[in-house]
Amino acid sequence: MSALRERTLQVGEVRTPVVEAGPDEATEAVVFVHGNPGSSSDWTDLVQSAGELGRAVAFDMPGFGKAQAPGGFGFDVAAYAQFVGEALAALGIERVHLVVHDFGGPFGLMWGIMNPERWASTVLINIGVMPGYTWHTMAKRWRTPVLGELVQAWIPRWGWRRVMQKGSPRGMPPEFVDKMYDDYDRETRNTVLKLYRNTSDPGEVAGEVGPAIAQLHKPALVVWGAGDPFIGVEYAERQREFFDVKDVLILPKSGHWPFQDDPEPVRRAVVGFLGGQLGSGQAPAQANRSSEDGRSSAAAPGPSADVT
């Protein structure tokens, strides 16, 4: 496994932690975009694995993890997509293979729509284009003034652990659950309220975003924990309507964070897919410059594919 590097990057007014592996000056990279709750450290293991193939990076989004949001930040999908672009510029990354999860999906996909010539491929983990989707119960609470503030006001660690473990049939690693709780500080809780209140219903947005993405025919891998209580597994196969899906990996005993509660089959699928995508469509020199209970609907491309 490649060595992991950690540093702090200045992106405009935001100082954001970065975890990175692989060649540090390559202009082609795998870019991991976290969701809510989340931070760059969610991706540590996958960044290291992807670093064996090429450059791989993850960073905290404003208001999450240790990246403080500046005054006047928009706290909507467009603002976060713009931040992704600014972070890529600061990192010197020109060609991007997105790996997105949860709200990282809207952030990354919006950036991709705005930069189709730089968007090479996508790994969708329990997220995608979701026609007809309506907000889950907790999201509805966050979107409701006063109620949302009350929900966020007091969250004991024991309550957090119970809710997170209920959302995964297999059970989440306790250390990851505690890490998420530690990341979910007062600023992050306020960020969540603003973000959800500034975001339109995903089911409605899909009617506009879906056709725009479908026209681009971007190659994709779909990974889905079937026990996700927030976004139903029925959306996994529906991504074929919008992407050139090479493979769909469904993990029956996993929840919303399959890369945490069943990491090995997810790692194999992601590395297998990316192995067939990195460097495709351009000369290698230019690229360097610039589980046992899982089931798959098709074989991932590339000789390194090994999907359970």
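I take buried to mean under 20% relative accessible area, exposed over 50%, and partly exposed in between. The model I am reading is predicted.

**Entry 1: the whole protein**

I began with the overall make-up. The secondary structure comes to 13 helices and 9 strands. I then looked up the extent of the C-alpha trace, which spans about 55 × 45 × 40 Å along its principal axes. For 308 residues a compact globule would have a radius of gyration near 19 Å, and the protein has 18 Å, so the two agree.

Next I looked at cover and surface. Of the 308 residues, 58% are buried. The accessible surface comes to about 12,500 Å², and carbon and sulfur atoms hold 52% of that surface. I also checked the charges: there are 29 positive and 37 negative ones, and their mean positions lie 3 Å apart.

I went to strand β2, residues 14-21, and asked how many of its residues are buried. The count is 7 of 8, and I note the strand as mostly covered.

I then looked up the partners of β2. Strand β1, residues 5-11, pairs with β2 in the antiparallel sense over 7 bridges. Within this pairing, Glu6 stands opposite Val19 of β2. The hairpin of β1 and β2 has 2 residues between the strands, and Gly12 there takes a positive phi near 60°.

Strand β4, residues 55-59, is also joined to β2, by 4 bridges, and the two run antiparallel.

Where is Ser254 placed? I found Ser254 in the loop between β8 (244-251) and α11 (258-261). Ser254 counts as buried because its relative accessibility is 0%, and the cut-off for buried is under 20%. I listed its contacts, leaving out residues up to four places away in sequence: Ser254 touches Pro169, Arg170, Gly225, Ala226, Gly227, Asp228, Asp261 and Asp262.

Arg170 is one of those contacts, and I followed it up. Arg170 sits in the loop between α6 (157-166) and α7 (174-183). Is Arg170 buried, exposed or partly exposed? Its relative accessibility is 36%, so Arg170 counts as partly exposed. I also took a distance from Arg170 to Pro258: their C-alpha atoms are separated by 9.5 Å, while the residues are 88 apart along the chain.

**Entry 2: Asp201**

I turned to the loop between α8 (186-197) and α9 (202-214), where Asp201 is found. Asp201 has a relative accessible area of 18% and is therefore buried, given the limit of under 20%. Which residues is Asp201 in contact with, beyond its neighbours within four places in sequence? I noted Tyr133, Thr134 and Trp135. From Asp201 to Val222 the step is 21 residues in sequence and 22 Å in space, C-alpha to C-alpha.

**Entry 3: Asp247**

With a relative accessible area of 0%, Asp247 is buried. I compared its position with that of Ala139: Asp247 and Ala139 are 108 residues apart in sequence, and their C-alpha atoms are 30 Å apart in space.

Terms used
Residues numbered from 1 in each chain as written. Predicted model: local features only at pLDDT ≥ 70, side-chain atom pairs only at ≥ 80, totals over all residues. Heavy atoms only, no water. Rg over C-alpha atoms; globule rule 2.2 N^0.38 Å. Buried < 20%, exposed > 50% of the residue type's maximum accessible area, 1.4 Å probe, protein only. Areas by Shrake-Rupley, 256 points an atom, 1.4 Å probe, with all protein chains shown as cover. Lys, Arg positive; Asp, Glu negative; His and termini not counted. Charge placed at Lys NZ, Arg CZ, Asp CG, Glu CD. Pairing = 2+ DSSP bridges. Contact = heavy atoms within 4.5 Å.
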